[in-house]
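Here is a protein chain to look at.

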Amino acid sequence: MQKNHPNWEFEHDATEFTIHMATGVGKTRLIGALIAYLYLSKESHNFMIISSRTEIIRKFIAVCTGLKDYLFVDQSLVDYPTVFNSESSVRDFTQSGMFDGGPRIWVISPQSLTANNARMKFKGQFDKCSPVEYIQSLDDLVIFFDESHHLGLDSEQDSVWRKELNALNPKMIIGTTASISENQNNIMYSYDLKRCLNEHLYTKFVRMLPDKKSDVISDEEYDHMTLRFALQRLETKQKFLDDYCRVNEIDQKVKATMLVACEDKKHAEATTKWLKNYLENKDAVLMVHSGLNENEFVPKLKSIEDPDTPVKVVVNVMMLNEGWDVSNIYVIAPLRSMASTTLVTQIMGRGLRLPFGHQVGDVEVDTLDVLCFGHETMQDIVAKLTQQGFGANNRRGITVTSPVDPNKPDTEFVQKKKIFLNVVDEEKVLCIPQYKMNKAPLPLDDISIPPLKPQDVHYFLINELTIKRLGTSVEFDREGFISMVTTDVIKQCTYLKFRSHFMKVKNLVMRFLEASKFTEDTIKLDPARVIAHIKDNLDKLSRQQPVSYERLTEDLMIDLTKIDINVPETYEHPFLCSMPVEDWVNKTHKGIPFAGWQRCSYEAVPFDTPNEYRIARVIDTSDDVKKWFRNLPGIITLLTPVGNYSPDFAIFLDLDDKNILLELKDDDRFGGEDQDATIKANAAREWCKAQSLASGKPWEYWLLLDSDAEFCETFDDISESVEKE
């Protein structure tokens with residue numbers, strides 16, 4: 001390691017490096033993966049995890065012992081470890097070695113080693129040596145130091161901590177941190193906050209809401225305005241969380257919490273007093289600052305994720321900027337001098353963790369709101385974020401948007417309820433054949449992945465900053481690189497199999513490298529980016545492969561009486577379909593049932609667009625139509641290469657006993673062969689062919705573009721305007 005990284009600093013014989021990771025990305029899991037790798041490869045059996053935060057120590061002990069999400073995911077991969085703390089004796093250590101099991105892990109604080117009366121340095125009554133002396137005798141100790149930026153040499157305490165670590169004679173010291181200094185040169189891997197937010201993969205999105213303070217408003221008045229708006233946002237977040245859990249029948253409840261950052265203790269106390277009066281609940285506000293006894297706030301702080309806690313606002317003075325890992329912070333409100341772009345980006349890490357462990361697809365549930373009410377305009381903030389390396393106001397990075405009037409109530413959330421649609425047709429059950437979808441295999445021998453363009457090569461190269469920090473070139477031998485990429489592409493593409501496709505994919509990777517002009521014996525590309533590039537192109541081609549439908553033995557019985565929809569809580573009765581299309585207003589009519597139909601199987605059905613409503617009125621008045629229904633999810637659902645698909649309408653004609661699946665589509669969402677709408681349409685046509693053969697009755701798939709739907713006044717107009725083949 002020293003030979004490969006001559007610019008790194010090594011103290012004594014221990015290899016030391018740092019992993020720089022943004023908060024909320026998965027530092028605990030990474031430590032678990034490294035321990036598993038070193039243990040399973042028989043490089044080490046003894047590990048130590050050090051954190052200066054009591055709550056982090058408890059968390060590590062919980063995941064190591066399986067009380068919470070198991071650190072090693074599955075006991076079949078790594079057996080449960082033996083876990084020690086600062087109170088464990090040498091007798092505990094020696095007895096643990098008598099049994100076969102997983103790794104041995106010490107989880108302690110640095111103070112356990114540095115305190116004057118540190119128990120770990122004293123020999124027990126029945127022990128031959130102290131715990132520290134026992135640990136010093138191990139020849140395979142690997143130390144993980146959480147928040148390792150505290151190991152710098154810029155203070156007397158830091159140097160004491162480092163001295164004690166080196167005295168343990170570790171084989172390796174691995175630091176993990178979200179904060180690094182500019183001159184730190186032992187960074188093994190970096191996934192910083194900028195990259196994390198720009199890639200939008202592992203944490204909440206961030207919405208920054210700026211407002212520039214008027215000079216005529218006092219600081220106190222502006223604080224109160226900021227807090228009122230923040231509380232409005234918090235209530236909205238809670239409504240969306242509750243609605244998401246209820247509609248998706250999730251037992252796990254999440255209580256949205258707000259974090260307020262104050263200038264100093266006096267400011268925090270005044271803010272806390274105002275909030276308690278405003279909320280009329282003294283238990284709803286928790287104040288945290290260094291002037292308080294920890295017993296006054298730590299127990300409540302530990303239970304902040306408990307949905308039954310009365311706390312909804314935490315008022316803080318620079319004490320929770322690191323080491324406080326909770327997932328239910330949804331609004332951050334820095335006040336006064338704290339409300340600057342630079343300081344906001346430093347504290348927003350406290351709210352990035354996802355309460356359900358992943359993004360769920362609901363914008364409000366997946367987004368952290370950060371207020372920046374102070375002396376900067378929206379333009380100032382966007383410019384500073386861009387200067388700092390964050391993306392702003394595009395598909396990646398931080399969204400900066402003007403808030404609604406803080407003095408007006410927040411009305412964007414609408415509570416929903418489920419209602420069942422009433423079937424008026426005599427036929428309550430729809431019987432259709434079931435099908436298995438077969439997709440043509442990819443012609444891997446004939447596929448050429450688009451080569452890298454000269455202007456794009458730099459993006460695929462291993463990060464130059466990383467190479468500079470490591471002090472050496474990073475490269476792979478050609479054969480090893482090809483095998484690595486081939487293996488991971490097959491793992492990630494679920495439609496590929498090792499036995500059938502390994503050599504074909506390997507040849508494809510080789511053709512890609514040659515086409516991209518990488519013919520050397522060593523490759524300096526980032527394998528992860530190459531794998532993603534090849535997978536994206538294979539996925540695109542796989543989605544476009546022709547499909548066929550094979551009938552299964554059992555037919556599908558669809559109970560039309562079991563179809564439900566979500567409507568606003570205030571919904572009482574449907575609109576009448578006699579309403580002119582010109583009167584449609586999205587906010588009022590979207591998703592609300594319309595009644596009064598002549599040929600519809602349901603008494604009332606909802607629509608998403610005015611054109612859907614327009615076409616339903618045309619269908620319902622046609623003498624050619626025997627019956628029809630709005631094909632809501634759960635009725636006729638087709639399996640396609642891009643997921644389940646329910647065309648907008650099912651129409652049953654008197655003439656020729658023909659059945660039609662009709663889809664309305666936005667013009668700009670249809671056309672390209674790789675677009676979802678086109679792939680679904682191609683699959684639906686094949687489904688209709690199979691259905692026609694199985695039922696003996698003609699089925700057709702019709703696709704009508706919105707631009708054509710606007711001019712359809714009769715069913716014949718629809719028939720002439722649709723794309724049928």
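Q: Where is lysine 42?
A: In this predicted model, lysine 42 sits in the loop that runs between helix H1 (27-40) and strand S2 (46-50).

Q: Why is lysine 42 called exposed?
A: Its relative accessible area is 76%. Exposed means over 50%, so lysine 42 counts as exposed.

Q: What makes the phi of lysine 42 worth a remark?
A: Lysine 42 has a positive phi of about 65 degrees and is not a glycine. Most residues other than glycine have a negative phi.

Q: Which value of phi does asparagine 169 have, and where does the residue lie?
A: Its phi is near 55 degrees, again a positive value in a residue other than glycine. Asparagine 169 lies in the loop between helix H6 (156-167) and strand S6 (172-177).

Q: Why is asparagine 169 called partly exposed?
A: Its relative accessible area is 45%. Buried needs under 20% and exposed needs over 50%. The value for asparagine 169 lies in between, so the residue is partly exposed.

Q: How do you know whether serine 88 is buried or exposed?
A: Serine 88 has 10% relative accessibility. The limit for buried is under 20%, therefore serine 88 counts as buried. Its place is the loop between strand S3 (82-84) and helix H3 (90-96).

Q: What does serine 88 touch?
A: With neighbours within four places in sequence left aside, serine 88 is in contact with Phe93, Arg119 and Pro131. Its side chain also reaches the backbone nitrogen of asparagine 85 at 3.0 Å.

Q: Why is aspartate 127 said to have no salt bridge?
A: The nearest side chain of opposite charge is that of arginine 91, 6.1 Å away. A salt bridge needs a distance within 4 Å, so aspartate 127 has none, although it is buried.

Q: What does the side chain of aspartate 127 reach instead?
A: It reaches the backbone nitrogen of arginine 91 at 3.4 Å. A polar contact requires N or O atoms within 3.5 Å, and 3.4 Å falls inside that limit. Aspartate 127 belongs to the loop between helix H4 (111-114) and helix H5 (131-136).

Q: Why is leucine 301 called buried?
A: The relative accessible area of leucine 301 is 11%. Since buried means under 20%, leucine 301 is buried. This residue is part of helix H10 (residues 298-302).

Q: How far is leucine 301 from valine 314?
A: The two are 13 residues apart in sequence and 8.5 Å apart in space, C-alpha to C-alpha.

Q: What makes helix H19 mostly covered?
A: Of the 11 residues in helix H19 (residues 610-620), 9 are buried. Among them are Tyr613, Ile615 and Val618, and also Glu612, Arg614 and Asp620.

Q: How many residues does the largest nonpolar core have?
A: It has 94 residues, and those with the most contacts inside it are Met258, Val260, Met348 and Ile398. Helix H8 (residues 219-247) gives the largest share, 11 residues. Another core, of 64 residues, lies apart from it and includes Val423 and Met579. In soluble globular proteins, nonpolar side chains tend to be buried together.

Q: How much of the whole protein chain counts as buried?
A: Of its 725 residues, 49% count as buried. The chain holds 22 helices and 29 strands.

Notes. Residues numbered from 1 in each chain as written. Predicted model: local features only at pLDDT ≥ 70, side-chain atom pairs only at ≥ 80, totals over all residues. Heavy atoms only, no water. Helix = DSSP H or I, 4+ residues; strand = E, 2+ residues; numbered from the N terminus. Buried < 20%, exposed > 50% of the residue type's maximum accessible area, 1.4 Å probe, protein only. Core = buried A, V, L, I, M, F, W, Y, C linked by side-chain atoms within 4.5 Å. Lys, Arg positive; Asp, Glu negative; His and termini not counted. Polar contact = N/O pair within 3.5 Å; in protein donor to acceptor, adjacent residues only side chain to side chain. Contact = heavy atoms within 4.5 Å.
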